[in-house]
Amino acid sequence: MTFEPVQRPAGLSDLAYDQLRSRILGGDFPTGRRMSVVSIAEQLNMSRSPVRSAVERLVTEGLLVVTAAGIELAQLDHADLIDGLQVRSRLEGLAARLATERLTDADLDGLRENLALFERAVRSGESVTARRLDLEFHSVLRDTCGNRLLVENLRRVQARVIVATYTTAWVAAHEAVIDEHAEILKALAAHDPDGAERAAIEHLERLIARVKTFFGSGGRIDPTGGAATTTL
């Protein structure tokens, strides 16, 4: 006897989770500020119950923490950032390898367009847009790899890395990323799984090196509350 999988419709708690997680990864969740289920529910225009459930899931994922004073973004230091990038490099390398044989021509065209828009955003100093496009590029590799367990784990690691960039002094050096994304895309377009895996791993290993250099040279947060200073 076989059973058909039950397709559970997305409920309000799933919707609250998706919206809140998206805001966290987009940098819209206030760093350093404490919020409550009530205030978040008001912002999302939802009742408290699904928001409370969403917060619990995000706490489990390590993106939020709940204290007696309220809900806040998890405070991750630069060691957490490096740890996350080390794990992510291997997972994302595997995702790139697997995605090589699954990406369609339309997917590749989408990645080419993403790269062009990313370069334009970087050159014009549109850091928020560049960050969004960077995330989209890596999300395509993850979501087309065809391995559900890998997608689940990589999605979680990527999210923690992103949160760590918000709670440390690190600001991504997007100029260096343009050529690195181009190398990954070149291997994907050539249907070269070895090259795609190698390019994805090298991209993140270079990022780890840049993070270490930044903190080793005294990278610090702008005391006025602006962007972090960096000499990269």
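Student: Which residue's side chain meets R57 in a salt bridge?
Tutor: This is a predicted model. In the model, R57 lies in helix α3 (residues 48-60) and its partner in helix α1 (residues 12-25), so the pair ties together parts that are 43 residues apart in sequence. The N to O distance is 3.0 Å, and the partner is D14.

Student: Is D14 buried or exposed?
Tutor: The cut-off for a buried residue is under 20% relative accessible area. R57 is at 34% and counts as partly exposed. D14 has a relative accessible area of 13%, so D14 is buried.

Student: How many residues apart in sequence are the parts tied together by R34 and E72?
Tutor: The side chains of R34 and E72 meet in a salt bridge at 3.5 Å, N to O. R34 lies in the loop between α1 and α2 (37-44), while E72 lies in strand β2 (residues 70-73), so the parts tied together are 38 residues apart.

Student: In which helix do E119 and R123 both lie?
Tutor: The side chains of E119 and R123 form a salt bridge at 3.4 Å, N to O. An α-helix has 3.6 residues a turn, so residues three or four places apart point the same way. E119 and R123 are four residues apart, about one turn, and both lie in helix α5.

Student: How many salt bridges does the chain come to?
Tutor: Some salt bridges share partners, and R97, D194 and E197 are joined into one network in this way. Another salt bridge is that of R57 and D14. The count comes to 13.

Student: How far apart are the end C-alpha atoms of helix α6?
Tutor: Helix α6 (residues 127-143) has 17 residues. At 1.5 Å a residue, the helix should span 24 Å. The model agrees with this, because the end C-alpha atoms are 24 Å apart.

Student: What covers the buried residues of α6?
Tutor: The buried residues of α6 include A130, L133, F137 and L141. Their cover includes α4 (78-100), α5 (105-123), α7 (148-167), α8 (174-189) and α9 (193-216).

Student: What share of the contacts with a separation of 6 or more comes from residues 24 or more positions apart?
Tutor: The secondary structure of the chain comes to nine helices and two strands. Buried residues make up 43% of its 232 residues. For the contacts asked about, the share is 73%.

Definitions and conventions: Residues numbered from 1 in each chain as written. Predicted model: local features only at pLDDT ≥ 70, side-chain atom pairs only at ≥ 80, totals over all residues. Heavy atoms only, no water. Expected span 1.5 Å × (residues − 1). Buried < 20%, exposed > 50% of the residue type's maximum accessible area, 1.4 Å probe, protein only. Contact = heavy atoms within 4.5 Å. Salt bridge = Lys/Arg side-chain N within 4 Å of Asp/Glu carboxyl O.
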